[in-house]
Amino acid sequence: MAIGEVVKWYNSLLEATLLDLYKTQYSAARIFVLNRYKFLNDVLRDPMKYGFLPDITHVACCGGGDEFNASVVCGGQLPCKNPQEHVYFDFVHFTDRFNKQEIQAFSLTEEYIISNHYKQTSLLDVCGCDCYT
């Protein structure tokens, strides 16, 4: 809970700073503030909705073998055989599948967009491609 509050506090400062830069120096910039924290929590709360297996949602594909199999490096072992079923690749990185799910969620719905100060443009327009294939 305490870490979540720090993340929210930091994000509010980041958004305020970006808005200030947008207003004072970069009025033509396309600034989107995305809520990765909310998306991750949604996935962890209902992993099957996003195609992840609930019993390994908190287990890193490669790691040190502790409770969450998490470490910054793979600990000398090969990654799991099925990284697409995992949310976390290692202690600090998400799997490619999670990243694609996240980009899809960000580009197809405004649910995870905290602010879009360049209202004429959608995130999908900025991407300029099919971001999630």
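Buried means under 20% relative accessible area. Keep that cut-off in mind. F39 has a relative accessible area of 0%, so F39 is buried. This is a predicted model, by the way.

Let's stay with F39. Where does its ring find a partner? The partner is Y50: the two ring centres are 5.4 Å apart. Their planes stand at 80°, so this pair is edge-to-face. F39 belongs to helix α2, while Y50 is in the loop between α2 and α3. Eleven residues separate them, and the pair links distant parts of the chain. Y50 is buried too, because its relative accessible area is 11%.

One aromatic cluster takes in F39, Y50, F52, Y88, F94, F98 and F106.

Now the core. The largest nonpolar core has twelve residues, among them F39, Y50, F52, F98 and Y112. Helices α2 and α3 each supply at least two residues of this core. Look at F98. Beyond its neighbours within four places in sequence, F98 is in contact with F39, L40, V43, F52 and V87.

Last stop, D42. D42 also lies in helix α2, residues 36-45. Is D42 buried or exposed? Its relative accessibility is 11%, so D42 counts as buried. Its side chain makes a polar contact with the side chain of R45, at 3.0 Å. Setting aside neighbours within four places in sequence, D42 is in contact with Y50, E111 and Y112. And Y50 brings us back to the ring of F39, its edge-to-face partner.

How values were computed
Residues are numbered from 1 along each chain as its sequence is written. This is a predicted model: local features need pLDDT of at least 70, side-chain atom pairs count only at pLDDT 80 or more; totals for chains, interfaces and linings use all residues. Side-chain values use heavy atoms; hydrogens and water are left out. Helices (H or I, at least four residues) and strands (E, at least two) are DSSP runs, numbered from the N terminus. Buried means under 20% relative accessible area, exposed over 50%, partly exposed in between (1.4 Å probe, protein chains only). A polar contact is a pair of N or O atoms within 3.5 Å; within protein, one must be able to donate a hydrogen and the other to accept it, and residues adjacent in sequence count only if both atoms are side-chain atoms. Contact means heavy atoms within 4.5 Å. A nonpolar core is a set of buried Ala, Val, Leu, Ile, Met, Phe, Trp, Tyr and Cys residues joined through side-chain atoms within 4.5 Å. Rings of Phe, Tyr and Trp (its six-membered ring) pair if their centres lie within 6.5 Å; planes under 30 degrees apart count as stacked, over 60 as edge-to-face and the rest as tilted.
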